[in-house]
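Me: I would like to go through the terms used for this fold one at a time, setting each value against its criterion.

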Amino acid sequence: MGATLALGLLLALGACRLPQAADHAALHIAPDGALTLEGQPVTLATLGAVVQARHRGDIPLEVEITASPLASMDVVNQVVHTSTAAHATVAFAEISSGASASAHGQR
């Protein structure tokens, strides 16, 4: 019975895959719509080319977006569209409640 259980576990684990490693790039959208990618200023016009240039072979790139609560949703949507058109995936960074409150001038 132990050998059967071990064989079953091996078969089940063999079907599992670890997620593929990905490169990450932090993109910040300021209240005025200014963009920084990994701390470097970038424009909407150049974002696609910059994201494509960050790809390393077959390793996917994930752009993690942190947007100010005061940023225009139009800019956020354009960033998402441009990043995905450049073959990156996007994720949104969670803003802590303290950061959100200070962005609104509250303490």
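Me: What makes strand 3 and strand 5 the edges of the sheet?

Reply: In this predicted model, an open sheet of five strands runs in the order 3-2-1-4-5 with mixed pairing. Strand 3 (40-42) and strand 5 each have a single partner strand, so one side of each is left without a neighbour in the sheet. From one strand to the next, the twist averages 30° on average across the sheet.

Me: How do you know that strand 4 and strand 5 pair, and which way do they run?

Reply: Pairing asks for at least two bridges, and four bridges join strand 4 (residues 61-67) to strand 5 (residues 89-92), which run parallel. Within this pair, Glu64 stands opposite Ala91 of strand 5.

Me: Why is helix 2 called roughly parallel to helix 3?

Reply: Helix 2 (residues 44-54) and helix 3 (residues 73-85) pack at an angle of about 30°, with their axes 8 Å apart. Angles under 35 degrees count as roughly parallel, and that makes helix 2 roughly parallel to helix 3. The crossing in which helix 2 passes helix 3 is right-handed.

Me: Which residues meet where helix 2 packs on helix 3, and what classes do they belong to?

Reply: From helix 2, Leu44, Leu47, Gly48 and Val51 meet Gln78, Val79, Thr82 and Ser83 of helix 3. By class, this contact has four nonpolar, four polar and no charged residues, with Gly counted among the polar ones.

Definitions and conventions: Residues are numbered from 1 along each chain as its sequence is written. This is a predicted model: local features need pLDDT of at least 70, side-chain atom pairs count only at pLDDT 80 or more; totals for chains, interfaces and linings use all residues. Side-chain values use heavy atoms; hydrogens and water are left out. Axes are lines fitted to C-alpha atoms, for helices over the stretch in contact, and angles run from 0 to 180 degrees between N-to-C directions. Helices (H or I, at least four residues) and strands (E, at least two) are DSSP runs, numbered from the N terminus. Angles under 35 degrees count as roughly parallel, over 145 as roughly antiparallel, 65 to 115 as roughly perpendicular and the rest as oblique. A crossing is left-handed if the near helix is turned anticlockwise from the far one by less than a right angle, and right-handed if clockwise. Contact means heavy atoms within 4.5 Å.
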